[in-house]
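Please look over the model below alongside this note.

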Amino acid sequence: MSGWIRNNTKAGVVRLVSMPSEATVVRSRLLNLLPGLRPKRVRIKCLPKSDIRRIERSLETGDLVFFASTRKNLDIFHCGIIVRDGQTLLMRHASRSRGLFVEQYLDEFLKANRMAGVIVVRPV
């Protein structure tokens, strides 16, 4: 998934929602979970979960949010689409446990899940 973000940013399809440079962290991962694919080392730059408040005001409906995994062999564990309803931030995503698409408060998802960080991109 980090490759999708990198390739589409480079192609000008999406752009990173600005992250304060002092707050970002770099995570190194060895992607080796999928049989048949060669292991690949990647580096991902993300905003720590605790610092998401710094960019909340700039998030817009349609922004794509990616959640960096804490596992050493996985880059992104989940993604969703931001839906802004006034001051309320929701995330539309596929729920494996419920077996369907859901819309839930972004804060609720953040509290319920461990993650190494957050990456937000905006379609151009």
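1. Terms of burial. A residue is called buried under 20% relative accessible area, exposed over 50%, and partly exposed in between (1.4 Å probe, protein chains only). By that scale Lys-40, with a relative accessible area of 48%, is partly exposed.

2. Basis. The model is predicted, so local features need pLDDT of at least 70 and side-chain atom pairs count only at pLDDT 80 or more, while totals for chains, interfaces and linings use all residues. Residues are numbered from 1 along each chain as its sequence is written, and side-chain values use heavy atoms, with hydrogens and water left out.

3. Overall build. The protein has two helices and eight strands; helices (H or I, at least four residues) and strands (E, at least two) are DSSP runs, numbered from the N terminus. The order along the sequence is α-β-β-β-β-β-β-β-α-β. The radius of gyration is 14 Å, close to the 14 Å that the globule rule gives for 124 residues, so the protein is as compact as a globular protein of that length. That radius is taken over C-alpha atoms, and the globule rule is 2.2 Å times the number of residues to the power 0.38. Along its principal axes the C-alpha trace spans about 45 × 35 × 25 Å.

4. Of the 124 residues, 40% count as buried. Among contacts with a separation of 6 or more, 58% are between residues 24 or more positions apart. A contact here means heavy atoms within 4.5 Å.

5. Surface and charge. The accessible surface is about 7800 Å², and carbon and sulfur atoms hold 52% of that area. Areas come from the Shrake-Rupley method with a 1.4 Å probe; for residues, only the protein chains shown count as cover. There are 23 positive and 10 negative charges, and their mean positions are 11 Å apart. Lys and Arg count as positive and Asp and Glu as negative, with His and the chain ends not counted. Each charge is placed at NZ of Lys, CZ of Arg, CG of Asp or CD of Glu.

6. Helix H1. Which residues of H1 (residues 2-10) are buried? They are Ser-2, Ile-5 and Asn-8. These three cover an arc of only 140° around the axis, which puts them on the same side of H1. The arc is that of the directions from the helix axis to the C-beta atoms. Asn-7 and Lys-10, on the other side of H1, are exposed. The buried residues pack against strands E1 (14-16), E3 (40-46), E4 (64-68), E5 (76-85) and E8 (117-123). After H1 comes Gly-12, with a positive phi near 80°.

7. Ile-119. This residue is in strand E8 and is buried, at a relative accessible area of 4%. Leaving out residues up to four places away in sequence, Ile-119 touches Ile-5, Leu-16, Met-19, Lys-45, Cys-46, Leu-64, Val-65, Phe-66 and Ile-76. Ile-5 is also one of the buried residues of H1. Between Ile-119 and Cys-79, 40 residues apart in sequence, the C-alpha distance is 9.3 Å.

8. Ala-116. Is this residue buried or exposed? Ala-116 is buried, with a relative accessible area of 8%, although its place is in the loop between helix H2 (106-112) and E8. Its contacts beyond four places in sequence are Val-25, Arg-27, Arg-29, Cys-46, Pro-48, Ala-68, Ser-69 and Thr-70. Ala-116 and Ile-76 are 40 residues apart in sequence and 9.2 Å apart, C-alpha to C-alpha.

9. Lys-40. Lys-40 lies in strand E3. Apart from neighbours within four places in sequence, Lys-40 is in contact with Arg-29, Leu-30 and Leu-31. Its C-alpha is separated by 9.3 Å from that of Asn-73, 33 residues away along the chain.

10. Thr-61. Thr-61 sits in the loop between E3 and E4 and counts as exposed, at 51% relative accessibility. Not counting residues up to four places away in sequence, Thr-61 touches Ile-82, Val-83 and Arg-84.
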